[in-house]
Amino acid sequence: MNQKLPLTLKHKRLVRDSLESIREYETSVVVLFYGRLFEIAPETRALFKIDIRQQSKKLLDTLTTAVESLDRFEELLPFLAELGRKHVTYGVQTEQYEKLRSAFLWALGQALGLEFDRETRAAWDQLLTIISAAMLEGAASPLQVERGA
């Protein structure tokens, strides 16, 4: 992975601003996200081993960490790789990342309404794609095999 996040300054601003905007809606965004995910991929419900409220907080914390690290992406890569390795142990299939991304983009759009214009969606889509790629790279790393997880 390129050690520098390939997002323009404008896209970084759009992602930061939209994440800040959903803080007042963060509960509803996550509720919308999980509802949509379970609708388009019912098999994913079994992957959530902890209470959905705890899972929601973890999701938002991860996104906040990612957005705060947009200018120091190389620091985020090890964190994402480890998260990818954990996902494998939880039973997440790599093809489910696409459904996760789709559900989250849909939920953001529902919460932000007109603020979630084409360019903001494109910025989030690119960021989520990069995050997924880093997690997939971690999931496939030799550390996974060595740990026997």
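Trainee: Which helix does A107 lie in?
Mentor: A107 lies in helix α5. Bear in mind that this is a predicted model.

Trainee: Is A107 buried or exposed?
Mentor: Buried, because its relative accessible area is 0%, and the cut-off for buried is under 20%.

Trainee: What is A107 in contact with, leaving aside neighbours within four places in sequence?
Mentor: A107 is in contact with V29, L32 and F33.

Trainee: And how far apart are the C-alpha atoms of A107 and W124?
Mentor: They are separated by 12 Å. Along the chain, A107 and W124 are 17 residues apart.

Trainee: OK, the whole of α5 now. How many residues has it, and what does it reach from first C-alpha to last?
Mentor: α5 has 17 residues and reaches 24 Å, close to the 24 Å expected at 1.5 Å a residue.

Trainee: Which residues in α5 are buried?
Mentor: Q96, Y97, R101, A103, F104, L105, A107, L108, A111 and L112.

Trainee: Which helices do those pack against?
Mentor: The buried residues of α5 pack against α1, α2, α3, α4 and α6.

Trainee: What does F104 touch, not counting residues up to four places away?
Mentor: F104 touches V29, F33, L63, W124 and L128. V29 and F33 are also among the contacts of A107.

Trainee: Which members of the largest nonpolar core touch the most other members?
Mentor: F104, W124 and L127, out of 41 residues in that core. The elements giving two or more residues to it are α1 (9-22), α2 (26-40), α3 (52-68), α4 (73-90), α5 (96-112) and α6 (118-139).

Trainee: Switching to α4. Which residues are buried there?
Mentor: F73, L76, L77, L80, A81, L83, G84, R85 and H87.

Trainee: What about its span?
Mentor: α4 has 18 residues and reaches 25 Å from its first C-alpha to its last, close to the 26 Å expected.

Trainee: What comes just after α4?
Mentor: G91, which takes a positive phi of about 100°. Just after α5, G113 takes a positive phi of about 60°.

Trainee: Last one, α1. What is buried, and what do those residues pack against?
Mentor: The buried residues are H11, K12, L14, V15, S18, L19, S21 and I22. The buried residues of α1 pack against α2, α3, α5 and α6.

Definitions and conventions: Residues numbered from 1 in each chain as written. Predicted model: local features only at pLDDT ≥ 70, side-chain atom pairs only at ≥ 80, totals over all residues. Heavy atoms only, no water. Core = buried A, V, L, I, M, F, W, Y, C linked by side-chain atoms within 4.5 Å. Buried < 20%, exposed > 50% of the residue type's maximum accessible area, 1.4 Å probe, protein only. Helix = DSSP H or I, 4+ residues; strand = E, 2+ residues; numbered from the N terminus. Contact = heavy atoms within 4.5 Å. Expected span 1.5 Å × (residues − 1).
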